[in-house]
Amino acid sequence: MVSEIIVDVGLNERRVALLEDRELVEIFIERNDCERLVGNIYRGRVSSVLPGMQAAFIDIGYEKNAFLYVRDAIPQKEFSEDDEEFYGDVKNCNIEDILRPGQEITVQVKKEPISTKGPRVTTHITLPGRQLVLLPNADYIGISRRIEDEEERAKLRKIAEKIKPKNMGLIVRTVSEGKREEDFKNDINFLVKLWNKIKQKEQSGPVPRCIHRDVNVIYRTIRDIFTWNIDRFVINDRKEYYKVLEWVEMISPALKLRVEYFNKNIDLFESYGIDEMLSKALAKKIWLKCGGYLIIERTEALTVIDVNTGKYVGVNNLEETVLRTNKEAAKEIAKQIRLRDIGGIIIIDFIDMSVPEHKTEVMNVLEEALKKDRVKTTVVDMTKLGLIEMTRKNIREGFESLVTQPCPYCEGRGKILSSESVARNVEKEIRKYFAQTIASAIEVEVHPSVAEVLLGKKDGNLFRIENAFNKRIVIKASEDVKHEDIFIKEIDPDNLLT
């Protein structure tokens, strides 16, 4: 598999696309006028404490107060390699024993504000480097769950124990697999110095204030994704290109040969067909190669994915047709979830399977495909109704919310009124208009499809409307009028042709 990172630096935004065999699998967008919060560290102030929710609201200087749950407020006691997070003893803690209104506190944003919710913060600070993550407020060692070889895990743990700063913790990242002790020295020195600078900034200054900002999307990509698994790193801005080379020189010099400057007189994303793939990623219906298709519906509470056979009729029998469609759908679902950055609860309605072995086979295909996702996913089980329940860690707003906005026309319905329904509304508006004026003639401007209904065959409907009101009515069709809009104005009856 050929993997490429494509970086488009525009005037107002930076876009990073991850391609696998020329197929778009992840997209990151960062705009100049929209600050990214995740990873930033703030000196904040407790705004309010909510014992009923075991949480507190923290003023970090953002438009909405940040949410701090008790689990993220108490000292780190336990490490879960599955979640790659630290937890404390929540059962025996009360949020009022830890925080009080007006108290100053240092927190780090762990989740972006989503919808009406403010950012989620934690006191469990993490400082990611290339090979390691420093945990300045903990005293634990964790190894990435993606490193599966037990001997390698044991070796890395011994190295981590040797280089770990006193009274601090370390997480060894996936990219560290196969590394030696000397490979970690630059990382650990940089992270310790960074923490010391943050501690100095923490001591004085107004509250709330930001005391550390994470790097932008280009350099997070280099730090977190640009490994030996990536064949090419292509960027279209010369200034950023040289900065990227400097960064790569510091963290992994051998990868410099894979960094390329794109200097063609055509759009970078267009050249790779990424814009077209992004358009498809916004579609509600996704066609499968076999002829089946997916329907993806997102609600505030969860995301529902429906699998259909569509045009695919199979070859041998119904069960084989269903199995093939479901297996292909499972792979595509994993890809779409990752691409669209869908988080929270996800319900998948595969085509009904009567053979138990087929259900297991589809589940295995889905779980295997989800292993490519860097965000934690959990497949719960298949319900009695044949629905698969799963969850995906919700860190930020999905791709769709970054590139779209609510439609002011349909007001979120996703559908518009039929032409017949709009025509019925026209009659109501005409009645209201004549009830408030002595006009003897009016012009009604509507969309052409609505005008067609109002006129009827040989203007028969218009004749009945005019008779009903005993007025002259002119129907004007205009492509410039939205489907549901109605514009009525008085006109001079003497200017009408008889």
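In these legends, a residue is buried when its relative accessible area is under 20%, exposed when it is over 50%, and partly exposed in between (1.4 Å probe, protein chains only). The model is predicted: local features need pLDDT of at least 70, side-chain atom pairs count only at pLDDT 80 or more, and totals for chains, interfaces and linings use all residues. Residues are numbered from 1 along each chain as its sequence is written, and side-chain values use heavy atoms, with hydrogens and water left out.

**View 1. Phe226 and Phe233 form an aromatic pair.** Both Phe226 and Phe233 are buried. Rings of Phe, Tyr and Trp (its six-membered ring) pair if their centres lie within 6.5 Å; planes under 30 degrees apart count as stacked, over 60 as edge-to-face and the rest as tilted. The pair of Phe226 and Phe233 is tilted, with 5.1 Å centre to centre and 45° between the planes. The structure holds eight aromatic pairs. Elsewhere, Tyr241, Tyr242 and Tyr261 form one aromatic cluster.

**View 2. The largest nonpolar core has 30 residues.** Such a core is a set of buried Ala, Val, Leu, Ile, Met, Phe, Trp, Tyr and Cys residues joined through side-chain atoms within 4.5 Å. Among the elements that each supply at least two residues of this core are strand 19 (293-298), strand 20 (302-308), helix 8 (318-340) and helix 9 (356-370). Helix 8 contributes the most, with seven residues. Helices (H or I, at least four residues) and strands (E, at least two) are DSSP runs, numbered from the N terminus. Ile305 is one of the residues with the most contacts inside the core. Beyond its neighbours within four places in sequence, Ile305 is in contact (heavy atoms within 4.5 Å) with residues including Leu294, Ile333, Ile348 and Asp349.

**View 3. Helix 9 packs through its buried residues against helix 8, strand 21, strand 22 and strand 23.** The buried residues are His358, Val362, Met363, Val365, Leu366, Ala369 and Leu370. Exposed Pro356 and Glu357 are carried on the face turned away from the buried side.

View 4. The structure holds zero disulfides (pairs of cysteine sulfur atoms within 2.5 Å).
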